[in-house]
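This report describes the strand pairing, helix packing and chain contact of the structure shown below.

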Amino acid sequence: MNQPFYVAPEQLMKDRADYARKGIARGRALVAVQYVDGILLVSENTSNTLRKISEIYDRIGFAGVGKYNEFDQLRRFGVRNADVRGYQYSRDDVEARSLANEYAQILGQTFTHDVKPYEVEILLVEVGADQNSDQLFHIMYDGTLMDERGLSVLGGDAEAIGGRLRETWLPGDVLDVAVRKCVAALAGPDRTLQADGLEVAILSRSIERRCFKRFDDQEIDAFLS
Amino acid sequence: MVVPFFDVDNDPGSNFTSLLRKVGLDPFAVSSFGDSQQVLAPHATTVLAVRYSDGVIMAGDRRATMGNRIANREMEKVVPADRHSGVAISGTAGVAMDMIKIFQLQLEHFEKLDGRPISLEGKANQLSQLVRANLAGAMQGLGVIPIFAGYDLLRNTGRLWDFDITGGRYEEREFVATGSGGGPASTVLKVGFRPNMSGDDAVDLACRALLEAADVDSATGGPDVLRSIYPVVATISVDGWERRDDADLARRFEALVLEQRQRQDGVSS
């Protein structure tokens, strides 16, 4: 009988984490910031159909970076969970916090027990009645759950982008100013990003019931010019 | 109930009813009471839809009855299904309300999962499947007959459908009315219908149809001036669902009642 080689648990976890991080770093980054009327999500994305940012429920949005099929599976789980909960209880009983916990459980469980960890980082945002009650939950590939304030950066090169964004971003920014700051932070000093390479969406307090809105290329152009 | 993380071969897809069944919440599960039992539950009555130049108009009275009692005076039987379509119901109120809720959720659920709305015809089809799923309930007297209408953004026109208790789905070209006062309402619509009516004319016609239905059918509520409760009347055009406000409806019903009074005066003098 063959004895399996002994691998220290530290080593095993480190290998898995490295694997997941490599997968995530290959993709383009995504930022989310509070602006005066809600939460803005901006991502580099050349595809017009395979989306990184989407709607989960009335006041809840989802964003993912890394492997598309994996975070899309998580997104579908979120929509189903929210819709069944809203049907069974009421629309007011659907909240981001409990869903974020579920995501953390799934990602954590997969990270330690399955053959391959998820190569994704996801963000779950909920727009509140005012800026103080906005919520941004950042969930890592290993199930680490972070409750972030004001802004959040996901994906490859997150530190550099976050650094640039923190220098300029203000929570009281109006929408077009916030979009320009996010795009500048994503692009960095040496590049400029065009509307067709961007995905932009908001969760706005001023929209009734379903607060999520996605902008098309023309609208993004208008923000940038 | 916890929604599981589905395997590929067990995935319910974009269908909300399938999802509910997967998690053990079948909304149309009926326990049998035996053959001769009929449940006495509140019933919703007259609803209608009519096409006009920019789309469709939907309308319904506000009364729910249980036997010969008025169960509710301000029930809303005509509601938006999503931005560009509406659903109106007649039949057992409780079942109908749940059917509307599932239907609205189904449209939203699909839109979120697939990233685009269902076509108008697809929506009508979805509703017919819900009616069909309730057949066992209908056999015990808990039937629901809806009307579905909306603005078709692909064809740029208003469209409307009526249904039978088995889920049969019939597209109508001009108008449709159903429920206990559906007969007289249909007659008024049939006589008054003109192709490409203006929105105002069509709203007037819908109000007249409801008034005549309430005149002969005791289960249909007329305009309730005492409590300021008026029927629900809404237009659905390219700009989406828009409900007419009560002040506007009050004026229209006042004019209709005045016209009838003049007619009565003419008869008696």
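## The sheet of chain B

Strand β12 (residues 232-237) of chain B pairs with β13(B) in the antiparallel sense, over four bridges. Within this pairing, B:T235 has B:E242 of β13(B) opposite. The model is a predicted one.

These two strands belong to an open sheet of five strands in chain B, ordered β11-β2-β3-β12-β13 and paired antiparallel. At the edges stand β11 and β13 (240-243) of chain B; each has a single partner strand, so one side of each is left without a neighbour in the sheet. From one strand to the next, the twist averages 15 degrees.

Strand β2 (residues 47-52) of chain B is mostly covered, with six of its six residues buried.

On one pairing, β2(B) runs antiparallel to strand β3 (residues 55-60) of chain B, joined by six bridges. B:V50 has B:I57 as its bridge partner in β3(B), and the two strands form a hairpin with two residues between them. A further antiparallel pairing, over four bridges, links β2(B) to strand β11 (residues 175-178) of chain B. There, B:L48 stands opposite B:A177.

## Helices of chain B

Helix α5 (residues 182-192) of chain B lies across β2 and β11 of chain B and runs at about 160 degrees to β11(B). Helix α6 (residues 199-216) of chain B also packs on the sheet, where it touches β2, β3, β11 and β12 of chain B; the direction of α6(B) makes about 155 degrees with that of β2(B).

Helix α2 (residues 93-114) of chain B has 22 residues and reaches 31 Å from its first C-alpha to its last, close to the 32 Å expected at 1.5 Å a residue. Just after this helix, B:G115 takes a positive phi of about 80 degrees.

## The sheet of chain A

Chain A has an open sheet of five strands in the order β3-β4-β5-β6-β7, with antiparallel pairing. Its edges are β3 (53-57) and β7 (145-148) of chain A; each has a single partner strand, so one side of each lacks a neighbour in the sheet. Neighbouring strands are turned by 25 degrees against each other on average, direction ignored.

Strands β5 (residues 120-126) and β6 (residues 135-139) of chain A pair in the antiparallel sense over five bridges, and A:L123 stands opposite A:H138 in β6(A). Two helices pack on this sheet. α2(A) touches β3, β4 (60-66) and β5 of chain A, its direction making about 165 degrees with that of β4(A). Helix α3 (residues 96-113) of chain A touches β4, β5, β6 and β7 of chain A, its direction making about 5 degrees with that of β6(A).

## Nonpolar core and chain contact

The largest nonpolar core has 139 residues; A:V31, A:L124, B:L48, B:A49 and B:A206 have the most contacts inside it. Among the residues that A:L124 touches are A:I60, A:F62, A:Y103, A:F137 and A:I139.

The contact takes twelve residues from chain A and 13 residues from chain B. Helix α2 (residues 68-88) of chain A gives the most to the side of chain A that touches chain B, with nine residues. By class, that side of chain A has five nonpolar, two polar and five charged residues.

Methods: Residues numbered from 1 in each chain as written. Chains lettered and ligands numbered in written order. Predicted model: local features only at pLDDT ≥ 70, side-chain atom pairs only at ≥ 80, totals over all residues. Contact = placed C-beta atoms within 7 Å. Nonpolar A, V, L, I, M, F, W, Y, C, P; charged D, E, K, R; others polar. Pairing = 2+ DSSP bridges. Axes fitted to C-alpha atoms, helices over the stretch in contact; angles between N-to-C directions. Core = buried A, V, L, I, M, F, W, Y, C linked by C-beta atoms within 7 Å. Buried ≥ 20, exposed ≤ 12 C-beta atoms within 10 Å, placed from the backbone. Expected span 1.5 Å × (residues − 1). Lists of a residue's contacts leave out its neighbours within four places in sequence.
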